[in-house]
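Have a look at the picture below and then read on.

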Amino acid sequence: MALANADIRLSRFNPLPRILAFDDFDDGLHGWCELVGNHNGDLNELQPVFRDMRPAQLSTCTFFDMGTHGAVDGTYSMKLATRPRKFHQAVAIKRLTSAADGLVQFEAWFTYKAEQTFGGDDPGARAWDGNYHPSEAHFGSFTLWNDICEGTEPRDRYHAALRYENTNEDGEFTQRWLYKTGLHPTTRMLRGGFDSNQNDVHVAKPDMWAPIPGGDQQLCFNEVPTKVNWHYLRWLFDLSTRRNTELQVNDLTMDLREIPVLRFDEGYWGISRLLNLCMDVRTTSNVRNFLYLDSVVISADW
Amino acid sequence: MRHSFTAVIEKNATFQEDFETEPYECAWASEARWFINVMELEGDGAKLSARVQVSPDGIFWCDEGSRFEPMSEPELYSLAVRDFGGWLRLDCELDGTDANVRLMIYLVLKE
């Protein structure tokens with residue numbers, strides 16, 4: 001903490017004793033890259049859900065009406081952008097390994113938007129009233145998640161995934177935090193014929209998400225698609241218990257220790273001590289959705 | 001050291017009609033090079049054309065002035081661009097009868 005308080009750029013974070021990464025996107029993407037599924041060199045082998053997860057971008061947050069918005073500090077943030085196609089998902093990943101079991105914390109300053117559209121309001125949509133803007137209903141969800149594998153034995157691998165669902169699959173406002181109740185369908189499972197809708201990298205079916213108790217939260221969309229307000233997020237998980245510990249988003253802190261995290265029954269080869277951190281954005285409309293990260297700190301107690 | 005980044009803008013994608021690539025932010029870069037790897041191009045008289053487009057906001061687009069020479073066979077093609085502002089995309093035309101193209105498109109940016 002002394003280190004964090006002494007550095008003006010770190011003082012807006014609350015890192016654990018060892019900082020594994022401080023990713024300020026004013027100077028590059030810091031190893032956050034597009035997730036791609038497994039293949040044998042032939043990209044036709046990519047399973048549909050893994051085919052098109054879009055490259056991360058260094059964004060200036062520039063909009064048609066007011067020019068460049070910039071970030072919390074400096075000009076640039078990391079932007080994940082979907083295609084303008086319902087249920088498309090853009091995913092960025094940072095790949096590490098773990099040197100010990102223990103706590104890992106992911107912190108970020110983030111914001112989210114749906115792309116500006118012009119005219120042609122959706123039939124039946126709640127109209128613009130000077131405060132509420134229908135663009136807010138064009139935003140689907142964003143998810144933070146990990147991919148952990150301790151070794152090669154059965155049940156060594158698991159994913160924890162926490163989703164902010166702004167609108168559900170039908171485009172209705174829900175504005176709540178979710179955890180997943182189904183396994184991430186891996187390439188091996190999908191090649192084996194695992195029944196999946198293949199439109200959500202996390203789960204096979206849309207009903208495999210459940211609300212986090214106390215997880216209702218309205219974020220600061222700020223009325224129009226061209227104003228961005230940055231939010232603080234802190235996610236703590238524990239490699240020794242294979243569970244989430246807690247999630248803080250601004251003034252809301254959710255205790256996640258009782259939230260189940262599913263493990264794979266089979267063993268996985270070649271990913272021992274895997275510690276992947278991922279972020280994604282998924283649209284529930286035919287409008288591009290954007291997730292912006294000003295900066296990220298990943299820290300550990302080991 | 002100058003920063004650089006390679007973005008896969010289209011990955012093993014197939015098209016049977018004209019298309020534009022997704023908007024990509026590039027304000028941090030001073031130079032760019034597009035690569036189009038045409039892996040399959042089928043159809044009578046099939047030909048792919050691509051024009052570079054720029055935008056002030058990622059929404060409204062105009063031609064930058066550069067274009068690929070028409071591509072009529074599977075091959076790797078490339079085009080360098082400078083002074084492009086904050087966004088880049090390609091406006092692609094696919095001509096020919098029952099034309100079908102499978103390709104990779106890369107955007108290589110350098111500070």
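Strands here are DSSP runs of E with at least two residues, while helices are runs of H or I with at least four residues, and both are numbered from the N terminus. Two strands pair if DSSP finds at least two bridges between them. What you see is a predicted model, in which local features need pLDDT of at least 70, side-chain atom pairs count only at pLDDT 80 or more, and totals for chains, interfaces and linings use all residues. Residues are numbered from 1 along each chain as its sequence is written, and chains are lettered from A and ligands numbered from 1 in the order in which they are written.

Let's begin in chain B with strand 4, residues 31–54. Strand 4 of chain B pairs with strand 7 of chain B (residues 87–110) in the antiparallel sense, over 20 bridges. Strand 6 of chain B (residues 75–82) also runs antiparallel to strand 4 of chain B, joined to it by 8 bridges. With strand 5 of chain B (residues 62–67), strand 4 of chain B forms 3 bridges, again antiparallel.

Now zoom in on single residues. Which residue of strand 5 of chain B is the bridge partner of Q53(B)? That partner is D63(B), and in strand 7 of chain B, Q53(B) is bridged to R89(B). For F35(B), the partner in strand 6 of chain B is S78(B).

Finally, look at where the chains meet. Counting residues as in contact if their C-beta atoms, placed from the backbone, lie within 7 Å, chain A contributes 19 residues and chain B contributes 14 residues. On the side of chain A that touches chain B, strand 3 (57–59) and strand 4 (62–63) of chain A are the elements that give two or more residues. The largest share, 3 residues, comes from strand 3 of chain A.

Note on methods
Two residues are in contact if their C-beta atoms, placed from the backbone, lie within 7 Å.
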